[in-house]
Amino acid sequence: MSMVQRAVSTNYENVSTNSIYDYGDALTKSLLYFEAQRSGKLPPNQRVNWRGDSALRDGSDAHIDLTGGYYDSGDNMKFGFPMAFTTTMLAWSSIEMAPQLKAHKEYAHVLAALKWATDYLIKAHPSPNVLYGQVGEAKSDHACWMRPEDMTTPRTSYRIDAQHPGADLAGETAAALAAASLAFGPSNKAYAITLIRHAKQLFAFAKAHPGLYQNSIPNVGSFYSSSGYQDELLWAAAWIHRATNDQTYLNYLTQASSSGGPRTVFSWDDKFLGAQVLMAKLALEGRVKSYGKIAEFKSMAEQFICNCAQKGSNNVKKTPGGLLWFLPWNNLQYTSTASFVLSAYSKYLIEAKSSIKCPHGVLQASDLLNLARAQVNYILGSNPRKMSYMVGVGTNYPKKPHHRAASIVSIIKSRALVTCSGGFSQWFNNPAPNPNVLTGAVVGGPDRNDAFVDTRTDFQHCEPATVTVAPLVGVLAAIA
């Protein structure tokens, strides 16, 4: 966008750790966001009351119930690959930060957000070697601007199976369900057992039938193509091992041909770092000896952390205002996952009474948490634009996020059908703020020079996504 004004380059990263921000409030709002993303029949305790029931016939074309789950970002699609990663990160947040979540009375809301996803993923896995990975026809969905409650676009169901494999999709879903089994274990043992059974089946399916899922579901190709499946298999094995303590899964990790090497991002498409961190945790706890492949995993995890802390050999770039900068499209999703890794690893270091020796200095647990806090501070307003990139926090936040449901009058207020093209003319191109506040959503964020323009048309910077908020739930709990 040519209107982008270059922001003043002031360094905001050294904001006092006695923050001016109410992290507890941001945590509460981040969980409200997931309620706004719900697909299916809404529950009686739904708090986001401008949303209504939607997509109640999902799966009917395949004679299966695929209602529920989450809409992906600002569209009305259910993409299984990023939804499963969202699920894994919500579960990881709830496991590592359980005491803090309970202290802020948000633990039940995290589990509710998590179960909305896992209930769907279980339905999407009707037999061991079948997994539905998408609902909705991506191109026609993106060609319409409609509320989910009255969309008329095709709700085609797409699946992988033994003849049409997708080891990445099956592996990530296995990781999600295994992580969730740990989250639900203390409160719902029977459900946890169901989750781990599905996780093991999906891991076996992924191992036995390698391949990229977009080759089996070409419709997803230009939206969420996977770059490989080895990372998902390692990530799934790490989570199933953590959930079951079954040596088989640890053997899979220690005998892997690669640890993934040094990573530059942690995301819905690249989980190597996640597996590396989980293996490093085992080493720090002394549950496995830190040599060979385990030492390699740990070294790679710590290299990434050193690079984030600017003490590595290939440091992550920062914007002039201090934001960790990874990639131009929705950079905040990468900042969010990196901040989660810093928060979780900080906890592991405290428990192990350990530190990280970087090429250019030593990092203590407190350094990691301070860096995560500085990133959250930037997101919540300590930046050159003094803007909160989380909707509903403060007063200066994006008023026009690229989001169909939020940008069109609520069906609760007006039941008049908003047509595919009418949505564009009446709402998408409307210069006014969105009629519904998408509380807790985090937009893609500023560019590498800290510049940001609040405009609905800029989906690269103004579209929120579930993959961004899920890890932030854990970070906010850690620092609240």
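Trainee: In this predicted model, what is the N to O distance at which the side chains of Lys271 and Glu232 meet in a salt bridge?

Mentor: Lys271 lies in the loop between helix 10 (247-254) and helix 11 (272-284), while Glu232 belongs to helix 9 (residues 230-244), so the pair ties together parts that are 39 residues apart in sequence. The N to O distance of this salt bridge is 2.8 Å.

Trainee: Which residues are linked with Asp58 in a network of salt bridges?

Mentor: The side chain of Asp58 meets that of Arg155 in a salt bridge, at 3.0 Å from N to O. This pair links distant parts of the chain, 97 residues apart, with Arg155 in the loop between helix 5 (138-142) and strand 3 (157-161) and Asp58 in the loop between helix 1 (23-36) and strand 1 (78-79). The residues linked with Asp58 in the network are Lys78 and Arg155.

Trainee: Why does Glu285, which forms a salt bridge with Arg287, count as partly exposed?

Mentor: The closest N and O atoms of Glu285 and Arg287 are 3.7 Å apart, and Arg287 is partly exposed with a relative accessible area of 45%. Partly exposed covers what lies between the buried limit of under 20% and the exposed limit of over 50%. Glu285 therefore counts as partly exposed because its relative accessibility is 37%.

Notes
Residues numbered from 1 in each chain as written. Predicted model: local features only at pLDDT ≥ 70, side-chain atom pairs only at ≥ 80, totals over all residues. Heavy atoms only, no water. Salt bridge = Lys/Arg side-chain N within 4 Å of Asp/Glu carboxyl O. Helix = DSSP H or I, 4+ residues; strand = E, 2+ residues; numbered from the N terminus. Buried < 20%, exposed > 50% of the residue type's maximum accessible area, 1.4 Å probe, protein only.
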